[in-house]
Amino acid sequence: MKKALVIGGGLHGLSTALHLARTPGWQVTLLERRHVGRHSSGVNAGGVRRLGRALPEIALSVIAAEMWHGIEALVGDDCGFRATGQVKVAESEADMAKNHARVAQVRALGWTHEEVVDQAEVRRLLPAVSRHVVGAIVTRDDGSADPMRTVMAFRRAAEQAGVVIREGVAVTGLDRTADGSIRVQTDQGEFEAERVANCAGAWAPDLAALAGETIPCGTKASMMIVTERLPHFVDPTVGATARALSFKQTAAGTVVIGGGHQGRNDKVAETSSVLFGSLAFAAQIAAQIFPCVAGARIIRTWTGTEARPPDDMPVIGESRSLPGLFHSFGFSGHGFQLSPAAGAAVAELMARGATNLPIAPFTQDRFTVPA
Amino acid sequence: MSVADEWTAGQEATAPVAESVDLLVLGAGPAGMAAATEARAHGMRVLVLDENGAPGGQVHRAVEARLAKGAVEARLAKGAVEARLAKGAVEARLAKGAVSDDQDKDGAKLAAAFRASGAQYRPNATLWAVEPGGKVFWSEGGAARTIQAERLILAAGATERPLPIPGWTLPGVMSVGAAQIALKTAGLVPEGNVWLAGQGPLLWLYAVQALAKGGRIAGIIDLSPPGGFARARPYLMRALKAPEYLWRGLVWQRQVKRAVQVTPARELRAEGEGRLERILVDGVAHAADLLLLHDGVVPNTQVTRAIAGVTHGWDPVQRCWRPGLDVWGNTAVAGVMVAGDSGGIGGARAAALSGRIAALEAARALGRITTDERDARSGPLRLLRDRQLAPRPFLDAMFPPLPEAAIPDETILCRCEEVTAGRVRQAVGLGCLGANQTKAFTRAGMGPCQGRICGPAVHGVIAAARGVEGGEVEPFRTRFPTKPLTLGELAALAG
């Protein structure tokens, strides 16, 4: 058996480990510094969305969407996935013009999942939406899932596939051994493997640096709100064309509101905290688009830490300085939906050095200035 | 206008909120009122936020209204000069012996001094977040507000420990603390078949107060674990440094026992169709219209637990968390202080003293007085506080909380999400080690109260089921907002 190590027990690490462990001939160990699902994987908005993806991400996102529709076959649990649709509302004619242009662009590339709808249709889809909303882009079989349940399902499936998960193990160094494999130093001793995956989220650029590679990458701490349970009033997950919003009602009746409003991030202390002055904008946008929630009580707010390269797109590819190490990070707050497909791609890269999955746009080479 | 003019207690409802203050005090109970008054004496700009409509906190609730029958408030609304007059009026009444009880006398003095101090006082204001660096958020009149505070003194008082019994969620069952609020603010006295059950000083105090107002009590079910005095005896000599506490307790018990049947018991259930109809005391049924439960009070640590960096220690005798504090009330986070019962149960007099001591330390930290001045001024206060705290080990050993292991499986612990003790125990059986993991399995603590009510009970049940000390169990993670606010209120901050 060939040995592989996956560093990082978030959803991307678990998915990579799961797919690689199902590839004949591989023995996979996953190292997680704290506990599985500690940061953004377990606490994100759970959007399963192709709608509005940056053009280079659409191909991978479409494959991931197919995997989500068969998620139970993949991990033995439905992960709370509900294909209730995603709707991005237009609040002005200018927004509508943008929507038409966007959908035309996506269709020109051959994708048909995004569709412009008029005011009558958006009101039919979202009876509680504010009267000022004039239309929307819709992807009807997108939806949402339960992030923590998804993490737990991937963990169980990975362990059943033979992955050994070691929590509380922090990586301190990466180098090559005399026989050509990769040595991973940790606070609990050394590990050796032929292939290593760097799925360490916000801390992944630091691991790349340990391997001698500089990849430009910042951090994000998107803030979330959950309200008390309300009577059921909306099915799809809702965003807005011109404003930062993600809005959905869970099966329990609570409303989860996000949209990428940024909290405070402390990478060294591994904590992030809410900034209410900024979170107020999320509340304002939510209450303007769904006036019925203005009186709903907020019962909790939180943030999760995540990596963010300068172009808001992930880094997926083999290390230039330490071949055999494969990066998969920087999903910039929209990696939840991509995780089944990205994990499959990285596992394939690790096992056979190549993949047919559409990850070429995500190479870190895009940041190197041509000589 | 001078600083003193801007910061008067008289402007409360209409004054705009400044952008910053030297000291923000949370709570206008004895600790908060005393802290604000002391801080003003050293020229600090002080803002006091309090959830209630009038100063006093729980122990001195509505003390002004009860004593001055509204006259004080009316005059105070007009400004500082009238405030001094009103203070005089209260003191005149005190001198005439119009006040029957020591507690009210203490409270009236504190409130009068606070009103005259020039601290800006915002009643009906609910603090819900403190950000690193001292930015404080609260809600008032349906809108969120914010201010930058150099220092904080958190004097949030105590909360009642829940006493979950089968049927405690039925209408007609409430806590003794809630009944005391009704008694103090609305003069509501118990009528019909009213039962008191549980243990602890507040239960006896309420019984005395209710009987004095002409209330009727059908009986008291004493659930205190046997052997109280034997457990407490080692602390008796120390407790006698402040003998009035024990004396008062004995007097209360004697007064109550003269009028009301007291039944020691181990098991209590509440039953009824849609509302309370009867209680079962060790299997014996009694008709009941109202059941008031009490199992002591614990420090209110909601806000301190939500502030990153503030440490908390486990009190193994009273089985509760308390913030880690130095003698001045400093937490581990610079600028964040705690005074009064929210730092450890000590009663109203100790709370007022610790409020003053904390304010002196705040004055030192802000350069208003020297270290020597702080030490000189606080020395006598610290001696008085030590005396007030002397009976605590005795009382704590006498009334340990009721054992969580004895809570029957079918009893609801989390009222918001209707999660029973049995389901929490099941989650522990599945490997949940702490309250945050049982959340994911049971939703306990995920409703609107976010574990504020059920927290101690869920925590205790997990510890008992694991067979470990409560200190080894991770409590519910507390996050801001520590009080529910509406999306609309928060949106108001976006401007």
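1. Strand 21 of chain A is covered on both of its faces in this predicted model. Leu325(A), His327(A) and Phe329(A) lie on one side, Phe326(A) and Ser328(A) lie on the other, and all of them are buried.

2. Strand 21 of chain A has a parallel partner in strand 12 of chain A, residues 195-198, to which 3 bridges join it. Within this pairing, Ala197(A) stands opposite Phe326(A).

3. Strand 21 of chain A also pairs with strand 20 of chain A, residues 315-318, here in the antiparallel sense and over 4 bridges. Ile316(A) has Ser328(A) as its bridge partner. Strands 20 and 21 of chain A form a hairpin with 6 residues between the strands. In this hairpin Gly324(A) takes a positive phi near 100°.

4. Next, the domains of chain A. Where the two domains of chain A touch, 15 residues of domain 1 are in contact with 15 residues of domain 2. On the domain 1 side, helix 2 (40-43) and helix 8 (204-210) of chain A are the elements that give two or more residues. By class, this side of domain 1 of chain A has 7 nonpolar, 7 polar and 1 charged residues.

5. Strand 19 of chain A, residues 297-308, runs antiparallel to strand 22 of chain B, and 2 bridges join them. In this pairing Arg297(A) stands opposite Thr486(B).

6. Chain B has 19 helices and 22 strands. Of its 495 residues, 52% count as buried. Among the contacts in chain B with a separation of 6 or more, 70% are accounted for by residues 24 or more positions apart.

7. The domain assignment divides chain B into domain 1 (3-159 + 299-369), domain 2 (162-295) and domain 3 (404-472). The contact between domain 1 and domain 3 of chain B takes 5 residues from domain 1 and 6 residues from domain 3. The residues on the domain 1 side of this contact in chain B divide into 3 nonpolar, 1 polar and 1 charged.

8. One annotation should be read as a record entry. An unreviewed UniProt entry places the feature "domain: BFD-like [2Fe-2S]-binding" at residues 412-463 of chain B. Over residues 412-463 of chain B, the model is 50% helix and 10% strand. The end C-alpha atoms of this stretch of chain B are 17 Å apart.

Methods
Residues numbered from 1 in each chain as written. Chains lettered and ligands numbered in written order. Predicted model: local features only at pLDDT ≥ 70, side-chain atom pairs only at ≥ 80, totals over all residues. Domains from an automatic or database assignment. Contact = placed C-beta atoms within 7 Å. Nonpolar A, V, L, I, M, F, W, Y, C, P; charged D, E, K, R; others polar. Buried ≥ 20, exposed ≤ 12 C-beta atoms within 10 Å, placed from the backbone. UniProt positions renumbered as here; feature names shortened; annotations may be inferred. Pairing = 2+ DSSP bridges.
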